[in-house]
Amino acid sequence: MKRSEDNSPKRKAMNTNTNSSPGQRKLQTSMERLQVQQANVNRRAAGSNWQAAMGNENHNQAASTSASTSTAGTHETDATLTKSARNRLKRKAQRNRYLAMDCEMVGVGHNGQDAMLARVSIVNKVGEVLLDKHVKPRQPVVDYRTSVSGIRPEDIENGEDFKEVQAEVVKLLQGKVLVGHALRNDLAALGIKHPKAHIRDTSVYKPLCKVVSNGHTPSLKRLSMAVLGKEIQTGEHNSVEDARAAMSIYNLIAADWEKYLEKRQKHH
């Protein structure tokens, strides 16, 4: 009877720390470490929901040895999924390192001569739309410039607050290379700045201007036809289309453009 009691699983669990051999204690420590690492793996896989996953892992650390063994058995599968997730995140980061922006304006002030932001669009390196928003007017609109801007009263009346959109754009562009055409106008309309070293403006890239317009500032419409063989802005402008066109132009000549900038930096 006594022998049976000593060999019971309950008795063994109570004496784990005091009677286990050094080898057994080392194995137990390894299993505990594996459980902690498993939480980190789930953090990468879970993304923005990692805190919930972390809480579940901490809760599961109190499970039995058989449950731990089961978790270890699926560790290899989780690791494979995590590697796939990491690759997806890496590709996404590469696509989003370079962003193209274009804005549409409406006329305010005397005779509508001043420009006010009405729409802003941002796309990534492969043309995926990351942001496309109309902005509520902050002044009375004198000229919607619809034939060019494509903006109508209902578009901006139902638009979003300027400050909110401005903050979204700043956050999105943080640390990114900004591509576009005549970006000075877009940045001014947004009331923001961007590091000059991180700007790729197709309207001022000298080698391109020299080839396409004999050194003069070319329009995006002209550049698109000359470089891409694609006609844009046949009627009302579309800021998504224009941002994609600027990015496509940059992508096509990016290697030469970056070499050109490197040479200029060395000479300075």
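Reader: How many bridges join β1 to β2, and do they run parallel or antiparallel?
Author: Nine bridges join them, and the two strands run antiparallel. Bear in mind that this is a predicted model.

Reader: What stands opposite Asp 102 in β2?
Author: Ser 121 does.

Reader: And the hairpin of β1 and β2: which residue takes a positive phi there?
Author: Gly 109, with phi near 75°. Five residues lie between the strands of that hairpin.

Reader: How does β2 pair with β3?
Author: In the antiparallel sense, over five bridges. β3 covers residues 129-134. Its His 134 is the bridge partner of Arg 119.

Reader: Which residue has a positive phi in the hairpin of β2 and β3?
Author: Gly 127, near 90°. This hairpin has five residues between its strands.

Reader: How many residues of β2 are buried?
Author: Eight of the ten, so β2 is largely enclosed by the rest of the structure.

Reader: Switching to helices. Which residues of α11 are buried?
Author: Leu 183, Asp 186, Leu 187, Ala 189 and Leu 190, in a helix that spans 183-190. Looking down the helix axis, these buried residues fall within an arc of 160°, so they line one face of α11.

Reader: Why would residues three or four places apart point the same way?
Author: An α-helix has 3.6 residues a turn, so residues with that spacing point the same way.

Reader: What's exposed on the face of α11 turned away from the buried side?
Author: Arg 184 and Ala 188.

Reader: And what covers the buried residues of α11?
Author: The cover includes the strands β1, β2, β5 and β6, along with α10 (162-173).

Reader: What comes just after α11?
Author: Gly 191, which takes a positive phi of about 70°.

Reader: Now the core. How many residues has the largest nonpolar one?
Author: It has 21, and Leu 208 and Tyr 250 have the most contacts inside it. β1, β5, α12, α13 and α14 are the elements that give two or more residues to this core. α14 gives the most, with ten residues.

Reader: What does Tyr 250 touch, leaving out residues up to four places away in sequence?
Author: Tyr 98, Lys 125, Val 179, Arg 200, Trp 257 and Glu 258.

Reader: What other core lies apart from that one?
Author: One of 19 residues. Met 101, Val 120, Ile 122 and Phe 162 are among them.

Notes: Residues numbered from 1 in each chain as written. Predicted model: local features only at pLDDT ≥ 70, side-chain atom pairs only at ≥ 80, totals over all residues. Heavy atoms only, no water. Buried < 20%, exposed > 50% of the residue type's maximum accessible area, 1.4 Å probe, protein only. Helix = DSSP H or I, 4+ residues; strand = E, 2+ residues; numbered from the N terminus. Arc of directions from axis to C-beta. Contact = heavy atoms within 4.5 Å. Core = buried A, V, L, I, M, F, W, Y, C linked by side-chain atoms within 4.5 Å. Pairing = 2+ DSSP bridges.
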